[in-house]
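Look at the structure first, then read on.

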Amino acid sequence: MTYCQPHRDDDSALLEGLRRLRSCAILEMDGEGMIHGSIAGVDALYGYSGEELRGRSFSCLFSRADQERNMPGMLLARVREQGVEQSACPLVRKDGTRFRAALTLERVMPEAGGERVLMVVRDATETFQNQKRMRQAQESAMRAQRMDAFGKLSFDLAHDFNNLLSVIVNSLDMLAARRAGDEGTRRILELAHSAVERGARLNRQMLLFGRGHALVPQRSQINTLLEASLGLYRQVCGDAVEVVLDLGAELPEVELDAGQLEAALLNLLGNSRDAMRGAGTVVLRTRAETRTPAPGGADARFVRVTVGDSGPGIGQDIRDTVFEPFFTTKPEGEGSGLGLSQVYGFAAQSGGMAEIGTSALGGADVSMYFPAARTAAG
Ligand SMILES: Nc1ncnc2c1ncn2[C@@H]1O[C@H](COP(=O)(O)OP(=O)(O)OP(=O)(O)O)[C@@H](O)[C@H]1O
Ligand SMILES: [Mg+2]
């Protein structure tokens, strides 16, 4: 007897075919959707035996919501009209779990027994999830491109603006020297100086977002920085806001510009205070986390610093926009819309990222991630 070893390619094609068959079911129904029999795969796909389904309406495979909007009836109506109908929707297994299904319904006319509809159901969960992942990756690439473009624009604007501010400051200093004894002029010049000071502050935030601000990174332990500034945070938030530190244990050290971290946290705390209208709770949380910074990239260790509050939160509709420079929902003159863009720019320039979420307190949660500093071991 000759024993014939199957070819490896044939083997894998067979296995792939079997895998596909396991994720496929074929049902035979009448024109009203009553199941007459199953040709393949219902037990593997639905957890029902062919016998259990016989005599039942195929609508039992649909979710309650789809049954209520008469999805099964509409599919049958389209098959009656067109002869064939394809659709993608969630279906429900016997144990109540759902899966994404690709359906093909086709009207067939057997010689005896009247109209029949064959329904081929394929478990499309994997395809659906792959498509969803691809969409998310495309969206995040577009978002990154948009933020990059804003960054370049901010950088150019801030540069020009900086030159203008320097000219104004020099001119004010010259005027002050000429009118040294004039009290009225001194007061006017003071006003002009404080406006220039505010302009310079805004400009620094724009530069930071545009990655044009030179950072001075130092190896630091974030928990120590937060503990040292707790008094300042409480002062910024006011007496009616409870500021809580929730510090993670054994955090790795990070290389960051401590002054800019302080500025970012003050921006976040100011936002929380404003959103809570001056009263509520703010939690400053630190944790060590492993993340994949870019799709397809390697995992890396980060320290995550989150400011969460009990305010109204940041709606899904604006979560993609709040990091953009000059986006503000505050009344004219009250917000420049540069606070969160400083947070975003600082985190990105430090090799990390910033993210918006929902706090356990029900309000907004804004996180910055900073890469763990290399240890002596590498
Ligand atoms: N903690 C928060 N809760 C609710 N909404 C928030 C919160 N933080 C930010 N936002 C929303 O994001 C917008 C942008 O915030 P951002 O800090 O960039 O600018 P701003 O606070 O409006 O102005 P400023 O430049 O003075 O900080 C805010 O106007 C607000 O709508
Ligand atoms: Mg702000």
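This is a predicted model: local features need pLDDT of at least 70, side-chain atom pairs count only at pLDDT 80 or more; totals for chains, interfaces and linings use all residues.

Residues are numbered from 1 along each chain as written, chains are lettered from A and ligands numbered from 1 in written order, and side-chain values use heavy atoms, without hydrogens and water.

**Contacts of ligand 1**
- An oxygen atom of ligand 1 is 2.9 Å from a polar backbone atom of Gly337.
- Leu338 has a backbone N or O atom 2.9 Å from an oxygen atom of ligand 1.
- For a polar backbone atom of Gly339, the distance to an oxygen atom of ligand 1 is 3.3 Å.
- The protein covers 89% of the 590 Å² of accessible area that ligand 1 has on its own (Shrake-Rupley method, 1.4 Å probe).

**Shell around ligand 1**
- There are 18 residues around ligand 1, and Asn271, Thr328, Thr329, Lys330 and Ser336 come nearest (around: a heavy atom within 4 Å).
- Helix H9 (258-275) gives the largest share, 3 residues (helices are DSSP runs of H or I, at least four residues).
- By class, the shell has 7 nonpolar, 9 polar and 2 charged residues (Gly counts as polar).

Key: A polar contact is a pair of N or O atoms within 3.5 Å; within protein, one must be able to donate a hydrogen and the other to accept it, and residues adjacent in sequence count only if both atoms are side-chain atoms. Helices (H or I, at least four residues) and strands (E, at least two) are DSSP runs, numbered from the N terminus.
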